[in-house]
Amino acid sequence: MKSMWIEKADLVIIGGGIFGCAIAYYYSKNNPGKQVVLLERNELNNAATSRAAALMTMVRSKRSYIPLTVETFRVAKEMEEELGETLDFKTVGMMHVAASEAKVKDLEELLEIAKEFDQEAYYISKEEAREKAPWLKVDEALKIGFVPNEAYCDPYMLGTFFARCARNRGAKMLQGVEVLSVIQEEGTVKGVETTEGAIFAETVVDAAGVWAPILAREMGAGLPMAPVRSQYWITERADIFPTDSPMVLLPDAQAYARPEGGSLLFGIREGKSLVASPKEVPNDITDFVFSADEGMDDLVQNGERLARFFPAFYDIGIKYYVAGFSGYTPDSQLVLGGVPGTKGFLVASGCCGAGISVAGGVGLGIAEMASGRSNPLDFSEFEISRFGELDPFGEEWLNRCATARSNKVSG
Ligand SMILES: Cc1cc2nc3c(=O)[nH]c(=O)nc-3n(C[C@H](O)[C@H](O)[C@H](O)COP(=O)(O)OP(=O)(O)OC[C@H]3O[C@@H](n4cnc5c(N)ncnc54)[C@H](O)[C@@H]3O)c2cc1C
């Protein structure tokens with residue numbers, strides 16, 4: 001490592017998940033001749049990014065996310081053209097099933113939002129819904145919405161495309177290098193200290209995923225987020241799960257599902273989400289035991305809600321269990337931008353379980369801010385200081401973030 005060591009850069013990015021890789025891509029693209037160095041202590045895209053269910057939900061009740069996701073879809077095409085390879089997005093569309101008056105109202109609002117953002121969305125009949133997703137029981141549905149242009153993807157591949165295109169423009173993407181501290185003089189960033197030595201830079205982005213609060217603390221910021229578990233299951237293969245059937249959101253069941261190569265991948269909210277302090281999450285996420293029984297206890301407790309819409313639920317075998325941490329915030333908004341009172345320190349984290357879909361917008365906005373230009377996207381709802389002073393490692397705060405996750409109804 002020493003022989004290729006770079007002692008000075010224009011921008012240092014801490015963390016090589018999809019956020020870090022996307023920022024490296026946009027920065028190297030929009031600042032030719034400038035040097036960006038990304039530091040990842042393990043391997044690129046190996047933590048939360050590789051575990052995502054990767055629903056690329058564009059039309060959401062949170063308007064603030066939509067332009068960011070639109071940018072992800074745009075940049076994905078751009079990178080496919082550059083590399084001459086496909087990302088193989090599965091554009092199967094998203095079905096929204098509303099089975100209560102409250103959820104019908106939400107769905108009506110959602111279709112208005114789709115119109116506002118020029119996204120195609122319309123109602124479909126129960127027959128159409130059954131045809132599209134033979135596993136789904138919609139007898140109790142009051143209204144069903146459909147957003148045809150939404151997709152899911154391979155999140156590891158999307159992160160890797162960002163990294164490859166960044167490298168093509170001279171970005172240094174170093175793996176196996178841990179950032180130990182931020183070098184600063186009274187809040188002005190000078191660089192980072194790493195396991196391989198120091199790198200001096202006037203701008204540093206903390207894109208360290210759920211670990212982001214640890215280094216941000218050194219800069220005096222309490223990031224308003226906490227590592228909260230997300231989990232999903234994948235069934236055995238069966239004919240009722242055609243590979244081209246749509247993703248499905250079941251807000252009345254607080255559940256979502258999508259096809260996965262002839263099987264069904266589904267997630268369902270638990271009553272109380274598992275939360276940990278960022279300091280307690282091991283550097284290598286594979287060392288963390290998310291559930292001793294592969295989530296079976298949660299499935300037994302919450303499965304009935306899903307079985308109402310998925311009658312084969314109790315008969316079908318479960319093949320895989322996947323869990324990971326995402327950075328959740330109490331208001332389900334991201335954690336993006338500068339730390340007040342500091343110079344040269346930016347944060348890109350607090351993904352709220354939507355980091356794959358918004359990666360393009362996060363990368364673009366943070367890279368432009370790191371370049372000293374104005375952000376073309378509106379990050380005002382993602383400001384780091386919006387909750388005031390807080391202790392991101394304290395129990396009260398951790399529980400507040402976990403509660404937000406338990407209440408989430410979208411994928
Ligand atoms: C089970 C599950 C399902 C999900 N489903 C979806 C979904 O359907 N749709 C969606 O959009 N999103 C989904 N997500 C969320 C998505 O995976 C995350 O939002 C996204 O991957 C966050 O990317 P990141 O770059 O912030 O973090 P990560 O991918 O975790 O990357 C952070 C990186 O920083 C590195 N790092 C930390 N500290 C240091 C240090 N000091 N020095 C060097 N490196 C460091 C880590 O090693 C890690 O590689 C899901 C997540 C999970 C866990």
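This is a predicted model: local features need pLDDT of at least 70, side-chain atom pairs count only at pLDDT 80 or more; totals for chains, interfaces and linings use all residues.

1. Let me start with a single residue. Leaving aside neighbours within four places in sequence, Gln119 is in contact with Met58, Val59, Val70 and Ala114. Gln119 sits in the loop between helix H4 (101-116) and S5.

2. On the overall layout, the chain is divided into domain 1 (2-53 + 155-225 + 331-406) and domain 2 (92-149 + 226-326). The C-alpha centres of domain 1 and domain 2 lie 29 Å apart.

3. The boundary between the domains deserves a look. Here 25 residues of domain 1 are in contact with 33 residues of domain 2. Between them the two domains bury about 2300 Å², with 56% of that area on carbon and sulfur atoms.

4. Eight strands form an open sheet with mixed pairing, in the order S5-S6-S4-S14-S15-S16-S13-S17. Strand S5 (122-123) and strand S17 (318-328) are at the edges; each has a single partner strand, so one side of each is left without a neighbour in the sheet. Helix H8 (residues 296-307) packs on this sheet and touches S13, strand S14 (247-250), strand S15 (255-260), strand S16 (263-268) and S17. The direction of H8 makes about 95° with that of S16.

5. S13 and S17 run antiparallel and are joined by ten bridges, and the bridge partner of Thr235 in S17 is Ile318. S13 also pairs with S16 in the antiparallel sense, over two bridges; there, Ile234 stands opposite Leu265 in S16.

6. The other partner to check is S15. S15 and S16 pair in the antiparallel sense over six bridges, with Ala257 opposite Phe266 of S16. Their hairpin has two residues between the strands, and Gly261 takes a positive phi near 50° in it.

7. How many of the residues of S16 are buried? Six of the six are, so S16 is largely enclosed by the rest of the structure. Both of its faces are covered: Ser263, Leu265 and Gly267 are buried on one side, and Leu264, Phe266 and Ile268 on the other.

8. The largest nonpolar core has 67 residues, and Met95, Val97 and Leu136 have the most contacts inside it. Both domain 1 and domain 2 give residues to this core, so it lies between them. Not counting residues up to four places away in sequence, Val97 touches a set of residues that includes Leu136, Val138, Ala141, Ile144, Val248, Leu249, Leu250 and Phe309. Among the other contacts of Val97 are Lys143 and Asp252. There is also a second, separate core of 64 residues, which includes Val228, Ile356, Ile366 and Trp397. In soluble globular proteins, nonpolar side chains tend to be buried together.

Technical notes:
Residues are numbered from 1 along each chain as its sequence is written. Side-chain values use heavy atoms; hydrogens and water are left out. Two strands pair if DSSP finds at least two bridges between them. Helices (H or I, at least four residues) and strands (E, at least two) are DSSP runs, numbered from the N terminus. Contact means heavy atoms within 4.5 Å. Axes are lines fitted to C-alpha atoms, for helices over the stretch in contact, and angles run from 0 to 180 degrees between N-to-C directions. A nonpolar core is a set of buried Ala, Val, Leu, Ile, Met, Phe, Trp, Tyr and Cys residues joined through side-chain atoms within 4.5 Å. Buried means under 20% relative accessible area, exposed over 50%, partly exposed in between (1.4 Å probe, protein chains only). Domain bounds come from an automatic or database domain assignment. Buried area is the accessible area (1.4 Å probe) that two parts lose on being put together, summed over both.
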